[in-house]
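User: I've got a model open and want a close look at a single part of it. Take me there by way of the overall layout, please.

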Amino acid sequence: MAEPFPDPIQMTLAIMTSPLFLKIAIFPGLTSIAIIAALLTWLDRKITARVQLRIGPQYVSPLGGILQSFADLIKLAFKELPLPEKADKFFFVMAPVFGMVLAGGLMGLIPFSHETLISNLEIGLPVFLAFVTLSPTLVLLAGWSANSKYPFIGGLRSLFQQTAYEIPLWLSAIGVVMLAGTFNLEKIVLAQSKGWFIVPQALGALLFLITSVAEQERIPFDLPEAEPEVIMGWQAEYTGFFFLAAQGAGFIKLYAFSALFATLYLGGYLGPGPLPPLFWSLLKTIGIVVAVILLRGTFGRVRIDQLLRAGWTILLGLALVNIVITYFIVVGFPTI
Amino acid sequence: MEALTSFFGVSAILLGIGIYGLATKRSAIRILFAVELIYNAANLNIIAFARLRNPPIVTGQVIVLFSIALAAMEAAVGLAIIIVAFRLNNEIDLRKLTRLKG
Amino acid sequence: MTEPAFLVLAAVTVIGSIMALEARDLVYGAVALGVAFLGMAGLFILLDASYVAAFQIAVYIGAVVILILFTVMLVGPAKGEAQMELKRVSLLAAVLVATLIGMGGALASAAAFPGSDVCGGSCDIQSLSRTLLIDYGTQLELLSLVLAAAVIGALTLAKAEKKT
């Protein structure tokens with residue numbers, strides 16, 4: 001070694017103040033993900049309560065119980081962790097943890113603004129969707145490893161649902177790629193400086209919203225964890241920290257998919273005026289989140305046969321129609 | 001070049017493991033695993049040669065995309081056959097599935 | 001070439017594939033196969049084929065591994081496992097022989113393939129899609145026909161199974 005070994009303290013400091021580390025640790029990385037997931041839990045409960053003419057959480061802080069989810073988080077994190085005796089311990093523990101890691105990893109791909117971009121991959125969109133395809137494997141393993149009937153039924157439902165809705169998800173996202181001419185998420189945002197893609201891609205945006213809600217397993221597509229039918233489905237045997245991980249992964253996915261929707265169809269961080277790009281991207285993301293939460297309060301749960309038939313026939317067909325429409329738009333108006 | 005050798009070595013090891021699985025395993029699902037490993041060995045080989053050629057060529061990636069699609073198709077049909085065989089015979093040990101023997 | 005990354009990914013791939021064949025429980029075997037596929041995707045990224053790597057993750061782990069898991073759970077993990085006829089040592093022998101042959105072939109051909117460290121413009125997604133859609137367009141169409149035939153075949157098999 002020619003050069004002297006660097007001082008460990010200085011090296012640690014250099015790493016900790018480097019922009020990439022700050023982005024991963026604070027925004028849009030780990031800290032902000034945890035805080036936003038907790039806030040989304042509160043928002044979800046509050047909005048659903050208002051839709052159903054209830055009040056929702058209100059005691060934990062003066063501002064409408066906004067700290068309720070943090071209190072729940074602390075309570076769940078310090079609970080005892082009993083493992084079911086007949087469970088396959090390895091997968092029972094690993095599945096929810098890896099699910100949360102995967103959901104957090106999705107956030108690294110979203111361009112909230114040019115400065116806070118963690119990774120600017122040339123193929124950002126396929127990588128995001130490829131990560132999403134990993135989650136049914138983990139859910140199936142979680143359901144199988146609990147070695148109990150309801151979790152296994154929930155895991156199988158999740159497998160059928162997510163694999164059926166992945167294909168329309170990819171196909172509806174292709175319309176945006178055809179218009180923008182790139183897979184890179186930031187270039188897709190910049191390509192919308194003349195107009196948001198939701199105008200030429202109205203059908204695609206609708207399909208993307210529906211299929212992404214199905215991928216997140218939220219009402220009206222929450223069959224894998226339907227409480228009245230399969231008693232929380234694949235999460236039935238989880239408690240304490242693992243339940244927190246499973247639920248948190250769901251809310252992080254809600255956040256990530258909403259951010260992706262804003263990126264693909266609503267112009268991402270582009271916005272008028274003196275306000276920073278970060279404000280616009282977060283505003284659009286929160287708007288989509290509220291829309292998805294309102295779906296939960298408005299619609300009932302679909303049956304599994306209705307879900308699969310709609311996924312394999314109507315949504316797949318409409319996604320192909322959307323690609324044909326986009327082709328004519330690209331050929332007919334080459335300036336867009 | 002040393003890098004080429006090492007990628008080639010990983011590919012060769014995977015091929016060896018795959019052939020070992022084909023030769024010794026009797027469960028149909030394990031044999032499917034072995035076939036998938038051999039597919040992967042071939043894919044890695046093609047990509048390594050296409051990339052480390054001078055000048056590099058992109059056709060290798062195209063061929064591997066085709067290969068991955070065909071492997072997925074083969075797995076889907078193979079697993080459907082395994083499920084049907086299991087329903088008919090209650091067995092997926094290939095050496096006991098002798099109904100088709102002429 | 002980034003050597004530590006290569007060593008880690010190669011180790012993950014090889015250990016994953018050995019575990020896939022040797023794990024006692026088929027579910028663990030299928031997951032080990034998925035880990036081996038992930039390592040393989042990492043090797044593809046090292047070779048500047050990141051789109052193929054994303055495709056590998058989406059198709060192999062998102063589709064093939066989950067189909068295998070579903071089949072294993074349907075068939076039952078206890079079924080279908082039988083004693084091996086060859087000794088476990090033969091794994092080592094097979095790997096060693098294959099590695100020796102592979103290394104020999106690689107060393108022999110290393111002079112013919114000197115390799116270049118930068119891939120540049122001929123590995124990016126634009127040239128990949130141009131090659132895929134223009135030079136290999138006919139083959140792509142044929143591939144989609146084959147896939148359609150496979151889907152119909154699998155559906156027919158599943159329907160026939162329902163009748164009996």
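In what order do the elements of chain A run from the N terminus on? After that, zoom in on helix α5 of chain A: what covers its buried residues?

Analyst: Bear in mind that this is a predicted model. From the N terminus on, chain A goes α-α-α-α-α-α-α-α-α-α-α-α-α, so by the DSSP-run definition of helices and strands that's 13 helices and 0 strands. Of its 336 residues, 50% count as buried. Take contacts between residues at least 6 apart in sequence: 76% of them join residues at least 24 apart.

Now for α5(A), residues 89–107. Its 19 residues should span 27 Å at 1.5 Å a residue, and the end C-alpha atoms sit 29 Å apart, which agrees. There is a kink, though: about 25° at Ala95(A), shortly before the proline Pro96(A). Both Ala95(A) and Pro96(A) are buried. Other buried residues in α5(A) include Phe91(A), Phe92(A), Gly99(A) and Leu102(A), and towards the end of the list come Ala103(A), Gly104(A), Leu106(A) and Met107(A).

As for the cover, it includes α3, α6 (124–145) and α11 of chain A, together with α2 (26–46) of chain C. Both α3 (30–51) and α11 (240–265) of chain A also turn up in the cover of the buried residues of α12(A), along with α9 (202–215).

Definitions and conventions: Residues are numbered from 1 along each chain as its sequence is written. Chains are lettered from A and ligands numbered from 1 in the order in which they are written. This is a predicted model: local features need pLDDT of at least 70, side-chain atom pairs count only at pLDDT 80 or more; totals for chains, interfaces and linings use all residues. Side-chain values use heavy atoms; hydrogens and water are left out. Contact means heavy atoms within 4.5 Å. Helices (H or I, at least four residues) and strands (E, at least two) are DSSP runs, numbered from the N terminus. The expected span of a helix is 1.5 Å times one less than its number of residues. The bend at a residue is the angle between axes fitted to the seven residues ending there and the seven starting there. Buried means under 20% relative accessible area, exposed over 50%, partly exposed in between (1.4 Å probe, protein chains only).
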